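Dear colleague,

I am handing over the structure below. My notes on what was found in it follow.

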Amino acid sequence: MSFHYRPLVSILMPCLDGHHSVIEAIDSIRVQSFEDWELIIAQDGGSDSLRSLLGATLFDPRIKLLDPVSYRSAARARNAALARARGRYIAYLDADDIWLPGKLDIQVAAMRRNQLAFCCTAYSVVKVDGNTVTRTPPESLTHRSLLWGNRIGCLTAMYDTKQLGKQPMPEIEMRHDYALWLRLLSQTEECVGLPDCLAVHRRQTSSLSSDALKATRATWSMLRREAGLGPVSACRTVLAHSIGRVLRG
């Protein structure tokens, strides 16, 4: 591979030190029929045990493992990976999620065919009780519609740096991905939602978003500080989020 080679897609992956599900996540990328990608893994922690865990996987020249750093948030880890990204399109996959075969082929083809700046896809959520539900985004998401609920799964989002530039996530504890989508949608007309279910998110009981009260407070803070909503508008929006969460289950 040439030193000057630039892949078409850069995939950013934050990973907790020693996270054993990362192998399955990486394998779901390596089996993609679309091969023009790079994966940049930002490991959070004080040791390099992840390098031993990955072993021969790191012989794939498309995979870059950054030295371990105490990032303290997924946003900082993703931003460290973004700083090293060389691809035109930016995509995300966390260490406990997976992509389904054909994900990159379908999504990149849609991005290139329609000159999209930003798009997402449907995905499955495996709940802690083992039940699975599918989250399907609307065909078009605008800044205004997204304020009433985040319908973009981070593991499905992809944007074009040629049109939007490299966009770091706001370095806040929670809702950093949601804040980024709103920022992107302040610069482009829409995020196109593809109906294809192309990824699987495994909900963890220990995840930040599992605490409903904490998540509600984080949404309020993000809408006020990052989206610039006034207190009344933020209250209405947070209420709509809560109702939507109950309806979706």
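This is a predicted model: local features need pLDDT of at least 70, side-chain atom pairs count only at pLDDT 80 or more; totals for chains, interfaces and linings use all residues.

At 1% relative accessibility, E38 counts as buried. The side chain of E38 forms a salt bridge with that of R86, at 3.1 Å from N to O. R86 is in the loop between α3 and β4 while E38 is in strand β2, so the pair ties together parts 48 residues apart in sequence. R86 itself counts as partly exposed, at 23% relative accessibility.

Two further pairs can be set beside this one. D94 and R78 meet through their side chains in a salt bridge of 2.8 Å, N to O. That pair links distant parts of the chain, with D94 in the loop between β4 and β5 (97-99) and R78 in helix α3, 16 residues apart. R78 is buried at 5% relative accessibility, and D94 is partly exposed at 22%.

R88 forms a salt bridge with D160, and their closest N and O atoms are 2.8 Å apart. R88 lies in the loop between α3 and β4 and D160 in strand β9 (residues 158-160), so parts 72 residues apart in sequence are tied together. D160 is buried, with a relative accessible area of 0%, whereas R88 is partly exposed at 25%.

The count of salt bridges comes to 9. R30, D60 and R62 are linked in a network of salt bridges.

Now the nonpolar part. The largest nonpolar core has 37 residues, and those with the most contacts inside it are Y92, F118, L146, I152, Y159 and W181. The elements giving two or more residues to this core are β2 (37-44), α3 (74-84), β4 (89-92), β6 (118-126), α7 and α8 (212-225). Helix α7 gives the most, with 7 residues. A second, separate core has 35 residues, including L8, I63, Y89 and C119.

How much of α7 is buried? In this helix (residues 176-185), 9 of the 10 residues are buried, so α7 is largely enclosed by the rest of the structure. Among the buried residues are H176, D177 and W181.

For the chain as a whole, there are 9 helices and 10 strands. Of the 249 residues, 49% count as buried. The chain exposes about 11800 Å², of which carbon and sulfur atoms supply 52%. Among contacts with a separation of 6 or more, 76% are between residues 24 or more positions apart.

Regards

Definitions and conventions. Residues are numbered from 1 along each chain as its sequence is written. Side-chain values use heavy atoms; hydrogens and water are left out. Buried means under 20% relative accessible area, exposed over 50%, partly exposed in between (1.4 Å probe, protein chains only). Helices (H or I, at least four residues) and strands (E, at least two) are DSSP runs, numbered from the N terminus. A nonpolar core is a set of buried Ala, Val, Leu, Ile, Met, Phe, Trp, Tyr and Cys residues joined through side-chain atoms within 4.5 Å. Contact means heavy atoms within 4.5 Å. Accessible areas come from the Shrake-Rupley method with a 1.4 Å probe; for residues, only the protein chains shown count as cover. A salt bridge is a side-chain nitrogen of Lys or Arg within 4 Å of a carboxyl oxygen of Asp or Glu.
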